[in-house]
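Open the model in your viewer and keep the selection tool ready. The tour goes stop by stop.

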Amino acid sequence: MSAQPKPEAAAARVATPSGIEVPVVATRDMAREPDPGLPGVYPFTRGIFADGYRGRPWTLRQYSGFGSAEESNQRYRFLLEQGQTGLSVALDLPTQCGYDPDHPMARPEVGKVGVSLFSLSEMETLFAGIDLGAISTSFTINGTAAIIYAMYLAAADKQGVPRGKLTGTIQNDILKEYVARGTWIFPVRPSMRLIADSILYANEVTPRFNAISIAGAHVRDAGCTAVEEMAYTLANGLAYVDELIRRGGDVAKFARRLSFFFYVHMDLFEEACKFRAGRRLWARLLRERYGVTDEKALHFRFGVVCGGSSLVAAQPYNNIVRVAIENLAAVLGGAQSIFTCAYDEAFQIPTEFSAEIALRTQQIVRHESGVAATVDPLGGSYYVEWLTERMESGMREVMRDIDAYGGVVKAIEDGWLQRRIAVRAKEKKDATDRGERVIVGQNRYRREAQADSYGEVFRLDPGIAARVLEKHAQAKRRRDAPRAAKALDALEAAAATDQENLMPLLVECCHAYATVGEMVERLKHCWGEFQEPVRL
Amino acid sequence: MSAIATPPLAGKRILVAKPGLDGHDAGAKVIALALRDAGAEVIYTGLRKSPEFIVRVALDEDVAAVGLSILSGSHQELAREVLDGLRAAGAADIPVFVGGTIPPKDRDALLESGVKGVFTNDTPLAQMIEELARALA
């Protein structure tokens with residue numbers, strides 16, 4: 001049964017997806033601060049840089065990776081040849097959850113949603129022929145982020161690239177994993193330790209590398225609104241700041257390397273204003289709560305994904321249009337790096353054909369649309385300044401709710417935040433089923449039985465798991481076994497006490513070709529595993 | 001549907017499970033809430049459960065149906081393992097449903113392997129409940 005409301009029902013829609021009522025026409029007197037000031041000046045409503053994209057174009061960063069390191073290496077070389085300017089590594093679930101490919105839980109998932117990186121041997125293959133000193137690399141990795149970062153350092157050592165030259169990002173945001181994405185391993189508190197270890201270490205060793213990307217993308221995709229996406233993310237951000245300060249970090253220093261990551265969905269103005277509001281609110285929070293005055297430390301730098309759950313399986317070519325609109329919203333919001341999903345990601349890993357269209361979309365926005373020519377072209381619009389204010393106060397309200405509950409860590413441990421998001425997801429689904437939330441081609445203007453409209457089908461080589469297993473056995477046979485055992489023992493000993501930064505020990509484990517599964521086993525032995533609250 | 005009618009899944013105990021390592025649980029939770037609204041008694045496993053665990057819970061809790069939520073692309077293998085497990089335990093009569101990101105090309109293969117129904121995120125909840133109620137009648 002497909003909902004087909006009458007056209008006049010759509011005309012009555014007067015709220016943004018976050019529920020902010022939209023005026024028929026915005027006027028000068030609606031915003032309290034109608035003049036947003038200049039970009040590059042606190043509170044950075046219009047952007048963190050005075051010259052916007054003229055000085056620093058956004059990074060075109062397509063998320064990619066599948067199968068074994070060899071296949072992904074080929075795809076990366078293809079994307080770099082096509083003008084991509086940064087790599088974004090998708091890892092398979094066993095690597096993300098800390099299982100070696102031969103673990104019973106891992107077998108069906110090896111190489112499926114990303115590349116298998118069970119040890120340094122695989123990372124060496126992944127980046128063969130790619131100079132790590134010349135490229136910035138982003139890893140979507142959380143539960144095992146510290147390990148993958150250590151592996152990246154070891155890979156750079158092997159290539160002879162000085163660590164200080166490395167640029168890139170590890171997501172390393174465990175709090176939202178408990179809430180939405182689900183690749184947690186350890187309980188919340190030791191996980192926070194590992195994150196603080198990696199950030200503090202990275203600040204010293206790889207000063208140009210972002211050791212965390214605090215992400216709202218996944219809670220957004222799990223169902224919450226744009227306002228909640230930003231509010232939950234900033235709340236998590238403050239929790240990391242508190243932890244780093246507790247560990248003796250200097251906020252004016254480490255805040256310079258904190259970065260953020262979001263989804264862009266379809267409401268162009270709400271999305272652009274979400275970034276304007278979030279950027280301003282983050283700067284204000286750091287100043288209000290911690291007295292930060294260092295301009296660079298107040299900079300809210302963020303990457304975005306266009307697509308995700310806003311993509312639709314029905315009539316998938318329409319997704320190219322959706323992604324282009326979302327791409328515009330991200331640029332109008334001032335994103336530092338952008339990933340555009342391929343139109344077929346609603347139902348499969350992109351083919352090379354669809355991945356190329358996604359990249360071309362960004363290039364068209366950059367070189368043909370003219371939107372990046374002047375900084376924050378929306379600035380000063382009555383509607384945009386008003387909506388930015390409304391969103392900022394909505395975000396503060398959500399953050400107050402979390403504080404009132406007892407803070408984000410408690411809200412997660414109790415499952416309170418998870419329940420709030422599940423209820424939101426249900427509301428969104430109900431609104432879609434009722435046809436109030438229009439999805440063209442799915443619940444409006446749907447055509448049944450368009451069986452041939454899916455385009456090229458991506459086929460993952462079915463022999464991958466077997467090949468990865470073989471390489472895993474081989475890597476363990478070939479390594480210096482006593483060195484690996486010694487490195488793992490040292491790691492476990494240090495993890496058992498709270499005295500030492502674990503990063504140098506993880507780097508040594510990687511150099512010794514210890515596997516991700518082995519390192520995680522040792523840490524689990526000390527810390528146990530997260531017990532998921534499943535009450536609905 | 002009038003407000004006083006018996007909910008369509010009243011008295012049915014249904015297991016909603018997340019097999020494998022996939023951590024996307026928004027869909028599973030929406031389904032669990034919808035089943036509960038429809039009168040079912042819902043057991044939700046939480047993330048990262050092995051097929052053996054899911055089969056054991058299905059038997060121990062004497063459920064009327066099992067729903068597997070899979071968005072990682074491993075639906076063929078994981079559904080097969082759960083179906084085999086139920087069969088081996090003499091519980092092949094417990095219907096298994098699959099929901100998630102299921103490419104159109106895989107849908108028929110799942111149904112042929114013994115899955116009773118396949119739902120994706122564009123399936124209206126009311127339709128899912130209706131199909132379930134019919135299968136469990």
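Start with Phe353(A), which sits in helix H15, residues 352–367 of chain A. Keep in mind that this is a predicted model.

Is Phe353(A) buried, partly exposed or exposed? Count the other C-beta atoms within 10 Å and you get 13. Being buried takes 20 or more, and exposed means 12 or fewer, so Phe353(A) is partly exposed.

Glu368(A) and Phe353(A) are 15 residues apart along the chain. Their C-alpha atoms are separated by 21 Å.

Next, colour the two chains separately and go to where they meet. Here 31 residues of chain B are in contact with 30 residues of chain A. H1(B) gives the most, with 6 residues. Colour that side of chain B by class: 14 residues are nonpolar, 11 polar and 6 charged.

Last stop: the largest nonpolar core, with 210 residues. Select Ala150(A), Met151(A), Leu506(A) and Val66(B), the residues that touch the most other members. Then show helix H6, residues 145–159 of chain A, which provides the largest share of this core, 12 residues.

Finish by zooming in on Ala150(A). What does Ala150(A) touch, not counting residues up to four places away in sequence? Its partners are Met503(A), Leu506(A), Val507(A) and Cys510(A).

Definitions and conventions. Residues numbered from 1 in each chain as written. Chains lettered and ligands numbered in written order. Predicted model: local features only at pLDDT ≥ 70, side-chain atom pairs only at ≥ 80, totals over all residues. Helix = DSSP H or I, 4+ residues; strand = E, 2+ residues; numbered from the N terminus. Contact = placed C-beta atoms within 7 Å. Nonpolar A, V, L, I, M, F, W, Y, C, P; charged D, E, K, R; others polar. Core = buried A, V, L, I, M, F, W, Y, C linked by C-beta atoms within 7 Å.
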